[in-house]
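Here is a short briefing on charged side chains and how they pair. Look over the sequence and the structure first.

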2 protein chains.
Amino acid sequence: MAKFKLDDTDHSILDMLIDNTRTPFTDIAKKLDISAGTVHVRVKKMEEAGIITGSSLKLDYKKLGYSFIAYVGIFLNKTSQTQFVLERINEIPSVTVAHVTTGKFNIFCKIRAKNTSHAKDIIYKIDDIDGVTRTETMISLEESINDKKRLMHSIFNALD
Amino acid sequence: MAKFKLDDTDHSILDMLIDNTRTPFTDIAKKLDISAGTVHVRVKKMEEAGIITGSSLKLDYKKLGYSFIAYVGIFLNKTSQTQFVLERINEIPSVTVAHVTTGKFNIFCKIRAKNTSHAKDIIYKIDDIDGVTRTETMISLEESINDKKRLMHSIFNALD
DNA sequence: TAAATATGTATAATGAAATTAGGCGGCTTT
DNA sequence: AAAGCCGCCTAATTTCATTATACATATTTA
């Protein structure tokens with residue numbers, strides 16, 4: 001994987017697009033004082049290099065009736081069951097994120113649910129998977145931070 | 001907050017845009033056999049209703065030199081310090097997500113770092129915040145699932 | 001029941017933006 | 001210094017978003 005070198009122009013482009021993927025290239029061009037063609041070429045290069053892997057909408061899940069977020073830590077009998085359990089978890093759509101982890105838990109995941117009752121169903125489903133010893137749930141009372149933007153600045157300016 | 005009712009057309013539009021926010025409205029229109037004008041109107045309505053709150057890029061952070069992900073649980077002296085600690089945490093760009101939680105921890109957050117050494121610096125910073133008793137770290141060995149798409153299907157088809 | 005109104009869609013016209021080709025200038029390599 | 005390369009700009013072309021208008025269907029009101 002040849003290390004792809006990004007310059008300030010690339011950074012600025014990413015910075016704007018990470019906030020709004022539909023920012024017109026012409027706007028970006030104007031702000032950076034370059035041509036729209038250049039913006040286009042840069043973005044295409046970053047896509048080809050695999051730096052930009054896609055784009056997605058930010059949705060208000062509360063308004064969609066999914067106001068419940070929890071993190072669930074999973075304990076396994078044996079770590080060799082990890083792959084099997086992940087496959088079962090992958091069949092539960094409400095699990096939006098899952099990581100294999102070191103530390104307390106073997107697997108760690110995030111779930112989104114309609115309400116506590118719905119969350120309970122989901123957690124029971126996880127508990128019921130073969131190989132899962134027990135789970136530990138942390139319910140989110142408030143999502144206080146969720147921000148890719150600051151990280152970008154950190155990456156590009158070597159802050160932190 | 002008047003409950004906004006989404007129909008199948010809206011669902012399908014969200015479905016396509018959540019995968020790629022730059023999918024041309026003309027393409028969506030073709031696939032759904034409606035006019036591009038209608039797609040436009042629907043999207044605008046969902047934006048106005050606050051269902052679509054924005055868009056963002058998916059980036060390969062590994063290629064940007066940030067290959068380290070960890071979750072950090074934070075214990076506080078008193079829950080009344082929550083807000084203060086959150087503000088301090090908010091000053092650390094590598095913390096990309098933070099939740100106030102019930103359960104083991106008072107605050108729960110996700111960090112992205114270059115490597116273990118960098119992660120250590122970040123965790124020490126968190127530990128040093130006034131009011132933080134101690135922290136517990138779970139290092140991600142592998143991000144196995146990260147998918148909004150399945151959740152959408154669950155939401156719209158009442159699966160799960 | 002009929003008239004009036006609202007809702008939502010399609011059509012089509014307009015303007016904006018993405019995309020591409022060609023050429024120019026600076027930099028590197030030989 | 002010449003040749004080749006790289007990246008950018010300009011400008012042309014094509015595609016797309018956006019808006020106005022008109023029509024049809026459903027809903028409300030008289």
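A salt bridge is a side-chain nitrogen of Lys or Arg within 4 Å of a carboxyl oxygen of Asp or Glu. This model is predicted. Over all chains, a search of the whole structure finds 12 salt bridges. Side chains of opposite charge can pair when their charged atoms come close.

**A pair in chain A**
- A:Glu91 and A:Arg88 meet through their side chains in a salt bridge, at 3.2 Å from N to O.
- A:Glu91 has a relative accessible area of 55%, so A:Glu91 counts as exposed, the cut-off being over 50%.
- A:Arg88 is partly exposed, at 25%.

- B:Asp19 forms a salt bridge with B:Lys149, and their closest N and O atoms are 3.1 Å apart.
- This pair links distant parts of the chain, 130 residues apart.
- B:Asp19 sits in helix 1 (residues 8–19) of chain B, and B:Lys149 in helix 6 (residues 149–157) of chain B.
- B:Asp19 is partly exposed, with a relative accessible area of 43%.
- B:Lys149 is also partly exposed, at 24% relative accessibility.

**Another pair in chain B**
- A salt bridge joins the side chains of B:Glu136 and B:Arg134, at 3.5 Å from N to O.
- B:Glu136 has a relative accessibility of 17%, so B:Glu136 counts as buried, the cut-off being under 20%.
- B:Arg134 is partly exposed, at 41%.

**A network in chain A**
- A:Asp7, A:Asp10 and A:Arg42 form one network, joined by salt bridges that share partners.

Note on methods
Residues are numbered from 1 along each chain as its sequence is written. Chains are lettered from A and ligands numbered from 1 in the order in which they are written. This is a predicted model: local features need pLDDT of at least 70, side-chain atom pairs count only at pLDDT 80 or more; totals for chains, interfaces and linings use all residues. Side-chain values use heavy atoms; hydrogens and water are left out. Buried means under 20% relative accessible area, exposed over 50%, partly exposed in between (1.4 Å probe, protein chains only). Helices (H or I, at least four residues) and strands (E, at least two) are DSSP runs, numbered from the N terminus.
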